[in-house]
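Here are a few notes to read alongside the structure. Have a look at it before you start on the points.

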Amino acid sequence: MLGAVGLTMTYGLSGFPNFAHAEFITLGAFIGYFVADQLGLGLSLAFIVAFLVSGIVGFLCYRGIFQPLAKRGATIIHLMVASIALGFILRHSIGAIWSWRPLYFTTSWPAFDLGPIRVTGLWLLLIFTAVTLAFVMHLILTRTKIGKAIRATSSNPELALASGINIDRVIWITWFVGGGLAAIAGIFRGADTQIWPMTGWDIILPMFAVVILGGIGNFYGAIVAAFIVGLAENIGVVVLVALGLSTTYRIGIAFVILIVTLIIKPQGLAMLFRRA
Amino acid sequence: MDPLLYGLDLVVFIGIFGIVALSLNLEFGFAGLANFGKVAFFLVGAYTYALLSQIGIPFSLCLIAGGLVAAIFGLLVSLPTLRLRVDYLAISVLAFGEILRLIVKSEDFAGGDWGISVAPAITIAGASPHVGVLVNIGLVYFCLLICFVIAQLLANSPYGRVVRAIRDDEVAAEALGKDRAKYRAQIFMIGSAMAGLAGGLYVQYLHYVLPGMFVPMVTFTVWIMVLLGGPANNWGVLLGAVLVELFKYGTNLAKPILPIDPINLQYILFGALIILVLFYRPQGLLKESPIKTKALELVRYGKGVVNNKASK
């Protein structure tokens, strides 16, 4: 969910799917690992540094590549290809620096049983962070000037520009925040499983399912859709096991959701949140 | 490895990826469709070939079947998205490719991680490896020639003009009564069929098929060929295929003298190359040429009247 929120916001504002978002996640996971484990500075600092680094990379990517390309009249396809190209550069630079062997966070988490389910401290922290960040983002989007500017730019850039909003600045801030949120998602993902240069790419397709199901550029839609896709994947795994199929088809569930959404309601859940 | 064999190997790969690049050019260059899952149809063709050749079907039928099955898959995947914006097609086809790769990886009939070994299409008893590769070059370039002729005919026919018109202005084309989803679906099927054919050629040349051969990078290698060579120019994309394959072989040869892993370097340079091309030469090395029609000839060579509108 944390990753998808950033993706949906940059998608909605800039009008193209940024495939390099996967690499913002990966980069976040590696920066987090670097700060927390290689430098030994603790996890809280890791979150902050990863947020900043990925955010700045996100901003630089937009400012340095996508914005000038769009100004030269690149089509949406060109922008998508550029984002994938950028993804390759980032992913393989990471691969060249940290190598392709999977890495693991050394922090261990207290685990305890909650009824029949085993819960780790990491999951609790994840749930807590996700809820807090969603709430903070909600407050920013509805109560602050920049939040209102983001929503205005997302729904009608020309009108926002005419109302005196500096839409370039709004989009820059969105890319920064989007990259930063991706980094946090990356650290959680890395801590839960492993870190390697494909960390982000492994979850980019479910994230696109979330973004499209939620309605592109729709913050609340993305949150609801993240829950739906997450639940569907976990229920789906049980069904897959019951059917005797391999659980590697888990990613297929997100794909089915994606296709069904496109057939039935391409605008996603956005119609539920018209004012969002 | 013997340098002559290495060079011949390169020629085969240029031919095979030339076919894939031509097919992507039909979809992206002429019809404006972003196929980010080209590798999926390549995979379908490859596995169809491998599975059918296992039960003893002659190679020519296997190749044709690979193309047909890929075309059917192309139609099925593209149907939900062809009426929508191009980015939906890109995402769903990309996802489709990843899922297919997972399926062939985890199902036993497709050989799982170990893949399937494939018998070569034509074997000549007692021939040296060089002759074997030469036979393959003949086969691959025969298929490439057919695909090139089809692509050129499609591009320069009235049909091709409709497809380009839909790319340039959907609304205007639709107002003239051209059903954009129908044309797009047809182009997507033809493109997928060519990719499937290339997939078949690929596995019969390598003599095996593995899930790991069909990573998304293959798709983007082909995208680089098309973007570098020149979208909507069939000669251009062939040039692109030659350049990209040469570059790949060059970096592999330079492996011992490079400070970092050549695979990482290759991908970083490819990424940088795409971005540079998009920045400085979005039309590619060879530009899209105007369609040859009577009217154009008249304008160009007739009375010396220069009328740019007619050349569109």
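1. Start where the chains meet: 32 residues of chain B are in contact with 33 residues of chain A, contact being C-beta atoms, placed from the backbone, within 7 Å. α4 (86-106), α9 (216-229) and α11 (262-280) of chain B are the elements giving two or more residues to the side of chain B that touches chain A. α4(B) has the largest share, 12 residues. Helices here are DSSP runs (H or I, at least four residues), numbered from the N terminus.

2. Before going on, remember that this is a predicted model: local features need pLDDT of at least 70, side-chain atom pairs count only at pLDDT 80 or more, and totals for chains, interfaces and linings use all residues. Residues are numbered from 1 along each chain as written, while chains are lettered from A and ligands numbered from 1 in the order written.

3. Next, look at α6 (residues 158-168) of chain B, where B:G160, B:V163, B:R164, B:I166 and B:R167 are buried (20 or more other C-beta atoms within 10 Å of a residue's own; exposed means 12 or fewer). Down the axis of α6(B), these buried residues fall within an arc of 155 degrees, so they line one face of the helix. The face turned away from that buried side carries exposed B:P158 and B:D168.

4. Over in chain A, the axes of α2 (residues 21-38) and α8 (residues 167-192) come within 7 Å and cross at roughly 60 degrees; the axes are lines fitted to C-alpha atoms over the stretch in contact. Among the residues that meet there are A:F24 and A:I25 from α2(A), and A:A182 and A:I187 from α8(A).

Terms used:
Two residues are in contact if their C-beta atoms, placed from the backbone, lie within 7 Å. The arc is that of the directions from the helix axis to the C-beta atoms. Axes are lines fitted to C-alpha atoms, for helices over the stretch in contact, and angles run from 0 to 180 degrees between N-to-C directions.
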